[in-house]
Amino acid sequence: MKTVNLQLITIDLENGQQGVFIGFPLITEENSELDSQVEEIWFSNIQEIPDDLSVKKLMSLIAIQLCRCRASLQ
């Protein structure tokens, strides 16, 4: 079985609310010694997705979103 690396990022707000975000790993054993401090945080628009979406399709949508964010920087 093929696997996909995922990382959960949990953010706690001062008002007690908490959010969990899923994405490709930001910090791995290979790059943990490199510059890995947060420089910026971006939030996409809220998107409605089917509740039966596969992990593979979800990761594909995330990859597309990352490409759009990187393209808007140039």
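F43 sits in the loop between strand 2 and helix 1, where helices (H or I, at least four residues) and strands (E, at least two) are DSSP runs numbered from the N terminus. At 58% relative accessibility, F43 counts as exposed; the classes used here are buried for under 20% relative accessible area, exposed for over 50%, and partly exposed in between, with a 1.4 Å probe and protein chains only. The model is a predicted one, in which local features need pLDDT of at least 70 and side-chain atom pairs count only at pLDDT 80 or more, while totals for chains, interfaces and linings use all residues. Residues are numbered from 1 along each chain as its sequence is written, and side-chain values use heavy atoms, with hydrogens and water left out.

F43 also belongs to a nonpolar surface patch, together with I9, F21, L26, I27, V38 and I41. The accessible area of this patch is about 720 Å² in total, as given by the Shrake-Rupley method with a 1.4 Å probe, and for residues only the protein chains shown count as cover. Like charges are joined within 9 Å, and nonpolar side chains (Val, Leu, Ile, Met, Phe, Trp, Tyr) within 5 Å.

Two members of the patch, I9 and F21, meet again in the strands, as F21 in strand 2 is the bridge partner of I9. Strand 1 (residues 7–12) pairs with strand 2 in the antiparallel sense over six bridges; two strands pair if DSSP finds at least two bridges between them. Another of these bridges links D12 to Q18 in strand 2. The two strands form a hairpin with five residues between them, and G16 in the turn has a positive phi of about 95°.

Apart from neighbours within four places in sequence, F24 is in contact (heavy atoms within 4.5 Å) with N5, Q7, M59, I62, A63 and L66. The C-alpha atoms of F24 and A63 are 8.7 Å apart, although 39 residues separate them along the chain. G23, in strand 2, is buried, with a relative accessible area of 13%. Its contacts beyond four places in sequence are N5, L6, Q7, M59 and I62.

Of its 74 residues, 5% count as buried. The accessible surface comes to about 7,300 Å², with 53% belonging to carbon and sulfur atoms. The average pLDDT, the predictor's confidence in each residue from 0 to 100, is 80, and 84% of the residues score at least 70. Among the elements, strand 1 has the highest mean pLDDT (88) and helix 1 the lowest (74). Where pLDDT is low, the predicted coordinates should not be read in detail.

Methods: Patches are made of residues with over 30% relative accessible area and no salt bridge: like charges are joined within 9 Å, nonpolar side chains (Val, Leu, Ile, Met, Phe, Trp, Tyr) within 5 Å. A salt bridge is a side-chain nitrogen of Lys or Arg within 4 Å of a carboxyl oxygen of Asp or Glu.
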